[in-house]
Amino acid sequence: MEQRGHGASVLGVLALFLFLSAAYAQLRYSISEELKEGTFVGNVAKDLGIDPSSIKQRRFRIMSGSNEHLFKVNENEGTLYANRQIDREEVCKENNACLIHLKTVLDDPLEVHYVTVEVLDLNDHSPTFPEKTKRLEISESALPGTKFQLQNAHDPDSGSNTVQQYKISQTDHFKLEVKDRSRDGKTPILQLQRQLDRENKRSHKLVLTAVDGGHPPKTGSVEIHVEVLDVNDNMPVFTKETYAVTLQENAPLRTTVIQVNATDSDEGSNGEVIYSFGSDVKDKIKQLFHIDPVTGEIIVKGNVDFEEQDSYDIDIQASDKGSIPFKTDKSVIIKIIDMNDNCPEIEVTSLSSAISEDSRPGTTVALISVTDLDADLNGKITSYVTEDSPFMLTASMQDNMFAVVTKSRLDREHKSVYDITINAKDSGEPALTSEKTITVFIADTNDNNPEFLLSPYTFYIRENNQPGASVFSVKASDRDEGVNKIISYHIFRNVALENRDTSFLNINSETGDIIALKSFDFETLKSFQFQVVATDGGSPPLSSNVTVNVFILDRNDNAPVILYPVSSNGSAEGVEEIPRNMKAGDLVTKVRAYDADIGYNGWLLFSLQQVTDHSLFTLDRYTGQIRTLRSFTETDEAEHGLLILVKDNGNVSLSATATVTVKLVEPKEAFAASDVKRAAAKVDEEDDNVTFYLIVTLGSVSLLFVISIIVLIAMQCSKSTEYTSKYLQDANYDGTLCHSIQYRSGDKRYMLVGPRMSIGSTIVPGSHANTLVLPDRRHTSSGEVRQLYFVTS
């Protein structure tokens, strides 16, 4: 009997176990979001092995709960259906895995079954930015490599369907970097690639595109308007490359987490720095932390919970108070530690106030003592330098004693002050850390040459400058400090090569101002070049030189010179005899003038100031040609006086006047005068070539002499036609005299001019093609007169 009872109890326990296993079975189904209402999810009764015929009698149902309205069951068949269209982003928010847990119940006997429905994500959302357009202000003095964090795009989808990459439109000035912040997604960072120039382009328009990982991918974009600011030229600079700190969870309110520090080398409000959170910092972080705008302290504002988030990457912005402020972003990483015990203590037992930049690697900077009140593994300490710097920790012979030494060469010009953060970490679980920041100043050595702001320098000076006044200035800088950066200037003078232009220059050795000891004359000197040497005050001193190119600019300091008419006494007066039968539009004569200036200062205009009869003559204001307005009549006077004004186009124009007396003669007298002129011209030509003919006669044979005579006669015949063309249009003359009719001998400049210019002008042999001999074909009452004028300067 006892054995039979014991066996019955074993069978009862086994039956109860089988009943419980059946009563608490669990199923899992997967469906895609956005399915229509009534979509089949799964046959619960079949998957649980329940007799379909008993389902209705046992009242198969879903227990009431928060997810009951999402699904419904068929009480007759035991199947599960979607009660409405399910939006995964609405039901599961930002969770990566969307699992909906249901409890299904059957009565008599009671059975509870757990059903988990996984809603799979569809790529049904495009990335969106908080704003359609983003305005970004960047100073033109921002250096290449400067980074500007942009706003993240939001995509409610999960997994690979969320934002995977960012792209930016083509631009020469910017490139895009993407920073992966794990759970916070990817953050686009705009990096300046080439320095901006506000005067060249005031604004830039970029398009930032976010792309998700769906198939096909969806995109969203935001227009970024970059405004280039022309403001103070120094931006705040943080004293540390990176800021990282650990914070215990549940830290008391108003606990200082870390203090960031930025300096601005400007003065006044442009150098005052205020601190704030970056524009993309989430509201959740602002609820936990506060930053003091004056001191830069990040203070605990809310309850910090390690289980909620174990670290924070906060963007801090330092801005000066300029009218258009400079802004600098810096990332502060706060690590939350899940322990409240004894932390290691770091003590600086010895610290060098300054270290030379030419110190060898391995030079000791400081001695550090690290202790921990804990014991065993919790008191075993590992210490190291946290940031990437040219310093490292080395262990000493004594336990928990370390030396901070240099591990590479230092460069004060690259960084003059280092904030070295020493981190001490115990071996507890979880481990606790402490850190100590020591400041090391780098002493300067003279290892940088002076650098000129420009190379080469180019300056423009107007002629007639005031002697003894500063005309321009050069400037050099030296990256060293103290005496090593004090620069003196001097002009390089080569004794072997005489430079008369630089001998009239002097330079202020302290300021680099260059003084001209004489007044420059554009007509004498157009440009010159010299070198300036900058030397620092180091020992030994270092120096650099730069080439200075100086160009002299013209002033309107030369009045027009009348070339024709010019009478025998040198005055600008002339007499022209013309026949009475001239027609309207015939050329009477031409007033020729010359101006030593160039450009507008040397552009001459002619105007008729006085005339006895305005109906007879007209003057071309550009060429100086005097022509008839109408035919002459018997009643017209035989002699007419014309006063011509010649002025240049300078800001303050200079002028000269010429008087032309026009005499009307009978046609026969005019042709006779023309014949006399041809004969005079022939005599002039023979006189000019006497020497040439004598050489040919002595050194040549009779045949060559005959050929020369024939050539001479042919030339005279061809030129004779020019004299009769006096009363025709002078189509070959091109205006005022050019500057090329001049030459230099020693310190003087000569210009050879004649009363008329024509195609017959010849180049004097041996003059290097710089001097023109102008044949004079004027005929006066006293006979043949040949006039040549020499102008020196």
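This is a guided tour of a predicted model, stop by stop.

**Before you start**

Residues are numbered from 1 along each chain as its sequence is written. Local features need pLDDT of at least 70, side-chain atom pairs count only at pLDDT 80 or more, totals for chains, interfaces and linings use all residues, and side-chain values use heavy atoms, with hydrogens and water left out.

**Whole protein**

Show everything first. The protein has 8 helices and 56 strands. These are DSSP runs, numbered from the N terminus: helices are H or I of at least four residues, strands are E of at least two. Of the 793 residues, 41% count as buried. Buried means under 20% relative accessible area, exposed over 50%, and partly exposed in between, with a 1.4 Å probe and protein chains only.

Contact means heavy atoms within 4.5 Å. Among contacts with a separation of 6 or more, 67% link residues 24 or more positions apart.

**Stop 1: Thr104**

Select 99-106. This is strand S6, and Thr104 sits in it. Is Thr104 buried or exposed? Its relative accessibility is 1%, so Thr104 counts as buried. Leaving out residues up to four places away in sequence, Thr104 touches Phe60, Arg61, Ile62, Glu111, Val112, His113 and Val115.

**Stop 2: a four-stranded sheet**

Now select S16, S23, S22 and S19. These 4 strands form an open sheet in that order, with mixed pairing. Two strands pair if DSSP finds at least two bridges between them.

Zoom in on S19 and S22 (311-320). They run antiparallel, joined by 5 bridges. Ile274 stands opposite Ser319 in S22.

**Stop 3: the largest core**

Select Leu247, Phe289, Ile298, Tyr312, Ile314, Ile316 and Ile334. These have the most contacts inside the largest nonpolar core, which has 27 residues. Such a core is a set of buried Ala, Val, Leu, Ile, Met, Phe, Trp, Tyr and Cys residues joined through side-chain atoms within 4.5 Å. Elements giving two or more residues to this core include S16, S19, helix H4 (283-288) and strand S23 (327-337). S22 gives the largest share, 4 residues.

Centre on Leu247. Among the residues it touches are Val257, Phe289, Val300 and Ile334.

A second, separate core has 25 residues, including Val474, Ala476, Phe522 and Val532.

**Stop 4**

Select 417-426 and 433-443, strands S30 and S31. They run antiparallel over 9 bridges. A hairpin joins S30 to S31 through 6 residues. Ile422 has Lys436 as its bridge partner in S31.

S25 and S31 run parallel, joined by 3 bridges. Ser356 stands opposite Ala443 in S31.

**Stop 4: a three-stranded sheet**

Finish with S34, S38 and S37. They form an open sheet of 3 strands in that order, with antiparallel pairing. S34 (470-473) and S37 (505-507) are the edge strands, each pairing on one side only. S37 and S38 (513-516) share 3 bridges. Leu505 has Ala516 as its bridge partner in S38.
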